[in-house]
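Here's a quick briefing on the fold, its helices and a handful of residues. Have the model open while you read.

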Amino acid sequence: MARDVRLYAYPDEERLVVVASWAGAEHDPQWAHNLRSNPRALVKQGSQTREVVAREVDGRERGRLWSLVTSAFPLYRTYQDRTERVIPLFVLSTDGHV
């Protein structure tokens, strides 16, 4: 069953980055688990809808993207301080090269 989830998405070249912060809750939001189980999703931006493939990022790539999203929304740092889990980041790509 498809579910709609409203998220902020941060552009990174041709991809979008989404943050599974859940305001620093102790558990990942359900949509993050859903993307891990099925990385195919639809993204609606304005009147456009596109199919994407999601991939959770780690390592150096995560560090670079964490800087990108926290520059745009510094409150993510506060959310990270509230929890012991590492807040997941996902890249969404339309070209299959996530």
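Is Glu13 buried or exposed? Glu13 is exposed, with a relative accessible area of 77%; exposed means over 50%, buried under 20% and partly exposed in between, using a 1.4 Å probe and protein chains only. Keep in mind that this is a predicted model, where local features need pLDDT of at least 70, side-chain atom pairs count only at pLDDT 80 or more, and totals for chains, interfaces and linings use all residues. Residues are numbered from 1 along each chain as its sequence is written, and side-chain values use heavy atoms, with hydrogens and water left out.

**Overall build**

- The protein has 3 helices and 5 strands, where helices (H or I, at least four residues) and strands (E, at least two) are DSSP runs numbered from the N terminus.
- Read from the N terminus, the order of elements is β-β-α-β-β-α-α-β.
- The radius of gyration is 13 Å, close to the 13 Å that the globule rule gives for 98 residues, so the protein is as compact as a globular protein of that length. That radius is taken over C-alpha atoms, and the rule is 2.2 Å times the number of residues to the power 0.38.
- The C-alpha trace spans about 35 × 30 × 25 Å along its principal axes.
- Of the contacts between residues at least 6 apart in sequence, 65% join residues at least 24 apart; a contact here means heavy atoms within 4.5 Å.

**Surface and charge**

- Buried residues account for 39% of the 98 residues.
- The accessible surface is about 6,700 Å², and 49% of that belongs to carbon and sulfur atoms. Areas come from the Shrake-Rupley method with a 1.4 Å probe, and for residues only the protein chains shown count as cover.
- There are 14 positive and 13 negative side chains, and the centres of the two sets lie 3 Å apart. Lys and Arg count as positive and Asp and Glu as negative, while His and the chain ends are not counted; each charge is placed at NZ of Lys, CZ of Arg, CG of Asp or CD of Glu.

**Helix H1**

- In H1 (residues 30-37), the buried residues are Trp31, Ala32 and Leu35. Down the axis of H1 they fall within an arc of 105°, so they line one face of the helix; the arc is that of the directions from the helix axis to the C-beta atoms.
- Gln30 and Ser37 are exposed on the other side of H1.
- What do the buried residues of H1 pack against? Their partners are E2, strand E3 (40-45), strand E4 (48-56) and strand E5 (89-93).
- Pro39 sits in the loop between H1 and E3 and is partly exposed, at 28% relative accessible area.
- Leaving out residues up to four places away in sequence, Pro39 touches Val52, Val53 and Ala54. Pro39 and Val52 are 13 residues apart in sequence, with 8.0 Å between their C-alpha atoms.

**Helix H3**

- Tyr76, Tyr79 and Gln80 are buried in H3 (residues 75-82). They cover an arc of only 100° around the axis, which puts them on the same side of H3.
- Cover for the buried residues of H3 includes strand E1 (10-12), strand E2 (15-19) and helix H2 (59-72).
- Arg77, also found in H3, is partly exposed with a relative accessible area of 41%.
- Beyond its neighbours within four places in sequence, Arg77 is in contact with Trp66, Thr70 and Ser71.

**Strand E5: Leu89**

- Leu89 is in strand E5 and is buried, with a relative accessible area of 0%.
- Leu89 and Val17 are 72 residues apart in sequence but 6.8 Å apart in space, C-alpha to C-alpha.

- Most residues other than glycine have a negative phi.
- Glu13, in the loop between E1 and E2, has a positive phi near 55°.
- Ala23 has a positive phi of about 55° too, although it is not a glycine. Ala23 lies in the loop between E2 and H1 and counts as partly exposed, at 36% relative accessibility.
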